[in-house]
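Load the model in a viewer and keep the selection panel open. The tour below goes from one selection to the next.

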Amino acid sequence: MDKKKRLFIQLLSCLLHNANLPGFFTGRIYQGPAKGICAPGLNCYSCPGAVCSCPIGALQASIGQSGRKLPLYIAGTLVLFGALLGRGICAFLCPFGLFQELLYKIPSKKFKKSSLSRKASLLKYLVLGIFVVYLPLFYLAKNGVGSPAFCKFICPAGTLEGGLPLMAANSRLRVIAGALFGWKLFVLVFVAIASVFLYRAFCRFICPLGAIYSLFNHYALFGVEVNESECIGCNECVKACKLDTKAINDRECIRCAECAGVCPRGAVAVGGTGKEKKWRINRKES
Amino acid sequence: MENKSERIIVIMLALVMIMATGVACAKEGVQTGGNINGQETTGGGLSEGVKAPDFTLPLLGGGEFVLSENKGKVVFVNFWATWCPPCVAEMPAIQQLYEKYQDTVVFIGVDCGEEEDVVENFATQRGFSYNIGLDGDSYLLDSLYPSDSIPYTTVIGPDGAITKIFVGGGESMFSKFEEAIIAAMGK
Amino acid sequence: MRKGWMKKRIITLTLLAVAVLFIVLGISQGDYYSTLQKAVRICLECIGIG
């Protein structure tokens, strides 16, 4: 897949996630029926442009709701997206992923992946477990209503797309912004700066949505496959991969297809995963 | 051939995007509220000083609440929902104020967009005894008292005009609410 | 190799079926409506303001 084509799809997706363009000028959020559906990417539902719900926000709200209901609708949506595209959503559809990629284009020293960053890529599962699942339940037990802890304390996408545009258009909000917003702004700035030096720093180490989708990478319809008969074991694909993959199509793979571009034999293909065995650079389990 | 199908997909995506933008823009036009008085509030048109729009709501536990029937008294209207943590956090403060000022001030907590049994369970669990109004369709927050966010509180003076609007809230609202009530009583 | 692929395909299809089932069950228990309600009314503290 051509880099330009992927960028074009990312831009379109960003626009689609935020199709309510008038919202940015009026400072009002979209309130139509599409908001009951979850979008695949990380796009805050309180962004004035957002036309759908954020799956992570909806998941926390669902978990934090008192009552015996399981969040079937949200879980089903996440499984559907995951089983179809896996982390291909990260590379093609997520607006915040696009934001980080654009920042990485700023010329600077770039820090390459390492075994340390591979280990750090596990952090996002902690973020998922603690901020998206545990804390809303904890607050539910304590206060009778769950707080969406990831949205409240961390999510830089929310600050960028929801917090800042709303503040810009509504003076009343500027007045009530306090220490919490200051912290979230810091998180956003930190992530933005990190993205200049580290490719998709948020995606790799923090994003709980990426963490969820990664669980489906091995089974997703859309993935990366290696033609075993053509493969010469040169390892260029994994070397070229900017994410913390150990093997093609593993949990860190976002299907950006850069590996396909460097394979000297053209043995790597991105698309519907087929019959080939997964290829690992060393025989240890990842 | 792969190029052709990719192109088709991209063109379809573009068409869907244009349609979605069109639908979203059209929907925005249907939204009520906005800057009615040229005043800026969070997604709304009401501001301090304007006459509070009259409304009628069913109350939890039976009966009806009609705003205009309370003219001559200060009316404290708080918009909330059971899933909203800061809304829930400020309700004990409202309950305290109710117990202190109930002879002179009318309190109503308008629950938005939820079913009666959800609100019922919540209110009985917590022991809130002030008026709880049920606005299951969110009509008030959508049209009359437009606000994109909750908690949203309006204090209405004895003459029927809004004296104070609170956007947001949370735990430590008691003194701010009390201040606004006392100020409204003086009008 | 073929068996491995078949197994994978079956798991994928099962996941998709489960996903659709969950979505349908979720809608029938009112989840669409409650997702909508929470997305059209911003809880400011929830998004880190105020």
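How many residues of chain C are in contact with chain A, and how many of chain A with chain C? The model is predicted, and in it 32 residues of chain C are in contact with 40 residues of chain A.

Stop 1: the chain C side. Select helix 1 (2-28) and helix 2 (31-40) of chain C, the elements that each give two or more residues to the side touching chain A. Helix 1 of chain C gives the most to this side, with 15 residues. Now colour the side of chain C that touches chain A by residue class: 20 of its residues are nonpolar, seven are polar and five are charged.

Stop 2: the domains of chain A. Select 3-20 together with 29-214 for domain 1 of chain A, then 222-272 for domain 2 of chain A. Taken over C-alpha atoms, the centres of these two domains of chain A are 27 Å apart.

Stop 3: where the two domains touch. Here 15 residues of domain 1 of chain A are in contact with twelve residues of domain 2 of chain A. On the domain 1 side, select helix 4 (72-85), helix 5 (88-92) and helix 7 (115-120) of chain A, the elements that give two or more residues to it. Which of them gives the largest share? Helix 5 of chain A does, with three residues. Colour the side of domain 1 of chain A that touches domain 2 by class as well: five residues are nonpolar, five polar and five charged.

Methods:
Residues numbered from 1 in each chain as written. Chains lettered and ligands numbered in written order. Predicted model: local features only at pLDDT ≥ 70, side-chain atom pairs only at ≥ 80, totals over all residues. Contact = placed C-beta atoms within 7 Å. Helix = DSSP H or I, 4+ residues; strand = E, 2+ residues; numbered from the N terminus. Nonpolar A, V, L, I, M, F, W, Y, C, P; charged D, E, K, R; others polar. Domains from an automatic or database assignment.
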